[in-house]
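Let's take a walk through a protein model together. Have a look at the picture first, and then we'll go through it piece by piece.

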Amino acid sequence: MRPNPDKILVTGGCGFIGRAVIHHIQANYPNTWIRVLDNLGQNASLAHPANTPPKYVPTHLSPPTGTELVVADVRDPAAVSKAASGCK
């Protein structure tokens, strides 16, 4: 078994599969700190220019409890690099 990571980044963590992955990690590695990188939908870059987080995140798009949300697009290398800072 692999050692428990201290900090990890989950991309797409507000979606159906991402939330399931996060719940699995939280259940099996309770001491893991999780940062979520998600654009909150296909048109998030149009609705929130320059990676500005929305003022309100609908409940169905909210990341699971106990995580940190970074609103950005995984296709933006600078945003991914910044979000991954400090993560394994």
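Start with the rings: the model has zero aromatic pairs, where rings of Phe, Tyr and Trp (its six-membered ring) pair if their centres lie within 6.5 Å. Keep in mind that this is a predicted model, where local features need pLDDT of at least 70, side-chain atom pairs count only at pLDDT 80 or more, and totals for chains, interfaces and linings use all residues. Residues are numbered from 1 along each chain as its sequence is written, and side-chain values use heavy atoms, leaving out hydrogens and water.

Now for the strands and helices, which are DSSP runs numbered from the N terminus (helices are H or I, at least four residues; strands are E, at least two). β1, α1 and β2 form a right-handed β-α-β unit: with the strands pointing away from you, the path from the first strand over the helix to the second runs clockwise. β1 and β2 run parallel, joined by five bridges (strands pair if DSSP finds at least two bridges between them). Here Leu9 stands opposite Arg35 in β2. β2 also runs parallel to β3 (residues 67-71), again with five bridges, and Ile34 stands opposite Thr67 in β3.

What about the inside? Five of the six residues of β2 are buried, meaning under 20% relative accessible area (1.4 Å probe, protein chains only). Ile25 touches Ile8, Val10, Pro30, Thr32 and Ile34, not counting residues up to four places away in sequence; contact means heavy atoms within 4.5 Å.

How values were computed: Phe/Tyr/Trp six-rings, centres within 6.5 Å; stacked < 30°, edge-to-face > 60°. Buried < 20%, exposed > 50% of the residue type's maximum accessible area, 1.4 Å probe, protein only.
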